[in-house]
Amino acid sequence: MRNKKIRGLKRRTDSMVKRIEEETKCFPDQFIHGYWHLPLPAGRGFISSSKTPFKMKRLWVQTLLDRSERLIILKTEKEMQTRVIVVIDPSDLWNSHLIVFNQEDAFKAFFDRNFVDQKWIPQVMNGKLLKAWKIKIPRSLESVSYLEKIMDEDIGSRERELWFLGEFT
């Protein structure tokens, strides 16, 4: 049995990039619990499918990074304390998104993941993996990597690497 190709791939990708660009035309002004976020605007089946070409996935990640740089440039004097971060889950892109924190407490709480069932362990960013993705990281973005360890009674334990690119200092 042959794998069917994904129908409307170019149209869906163009639509997704356009939606990301639309959402980041202006600096966000609607913050809930100290942050605003933009997940990749498409269904998990499309984003995470093994049938979706890698070049499309790379384009989505690059778009998030480029638009985060745009938001940083758009900051006014009153937004200078906000932090713009892109979260990339290379193992499942559907979990990737752009976040703007307008409260320092929300930013710190987001990165405080040292619980019994979930831990984030700082890692050295995997340069080989980044090169394999062939993404251009804007100079204004710092990069941080974490190994996430999740312990769940029902599904057991799992690990994944998470990339964070943005404003950390």
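**Rings, strands and a buried methionine**

Mentor: Let's begin with a count: there are 18 aromatic pairs here. Rings of Phe, Tyr and Trp (its six-membered ring) pair if their centres lie within 6.5 Å, and planes under 30 degrees apart count as stacked, over 60 as edge-to-face and the rest as tilted.

Trainee: Why is the pair of Phe101 and Phe107 called edge-to-face?

Mentor: The centres of the Phe101 and Phe107 rings are 5.4 Å apart and their planes meet at 80°, so the pair is edge-to-face.

Trainee: What about the pair of Phe111 and Trp120, and why does it get its name?

Mentor: Here the ring centres are 6.0 Å apart and the planes are at 70°, so Phe111 and Trp120 are edge-to-face too. These residues belong to one aromatic cluster, formed by Tyr35, Phe101, Phe107, Phe110, Phe111, Trp120, Tyr146, Phe164 and Phe168.

Trainee: What should I keep in mind about the model itself?

Mentor: It is a predicted model: local features need pLDDT of at least 70, side-chain atom pairs count only at pLDDT 80 or more, and totals for chains, interfaces and linings use all residues. Residues are numbered from 1 along each chain as its sequence is written, and side-chain values use heavy atoms, with hydrogens and water left out.

Trainee: How do you know whether Phe101 is buried or exposed?

Mentor: Buried means under 20% relative accessible area, exposed over 50%, and partly exposed in between (1.4 Å probe, protein chains only). Phe101 has 2%, so it is buried. Phe107 has 8%, so it counts as buried as well. Phe111 and Trp120 are also buried.

Trainee: Which ring does Arg83 lie over?

Mentor: Arg83 lies over the face of Phe107, 4.1 Å from the ring centre. A charge sits over a ring if NZ of Lys or CZ of Arg is within 6 Å of the ring centre and within 35 degrees of the ring normal. The charged end of Arg12 sits over the ring of Phe46, at 4.2 Å from its centre.

Trainee: What makes strand 2 mostly covered?

Mentor: In strand 2 (residues 83-88), six of its six residues are buried. Arg83, Ile85 and Val87 point one way, while Val84, Val86 and Ile88 point the other way. Strands (E, at least two residues) and helices (H or I, at least four) are DSSP runs, numbered from the N terminus.

Trainee: Which strands does strand 2 pair with?

Mentor: Two strands pair if DSSP finds at least two bridges between them. Five bridges join strand 2 to strand 3 (residues 97-101), running antiparallel, and Val86 has Leu98 as its bridge partner there. Four bridges join strand 2 to strand 6 (residues 156-166), also antiparallel, where Ile88 stands opposite Trp163.

Trainee: Where does Met125 lie, and how do you know whether it is buried or exposed?

Mentor: Met125 lies in the loop between strand 4 (118-123) and helix 5 (127-133). Its relative accessible area is 16%, which is under 20%, so Met125 is buried. Leaving aside neighbours within four places in sequence, Met125 is in contact (heavy atoms within 4.5 Å) with Leu130, Ser143, Val144, Ser145, Trp163 and Phe164.
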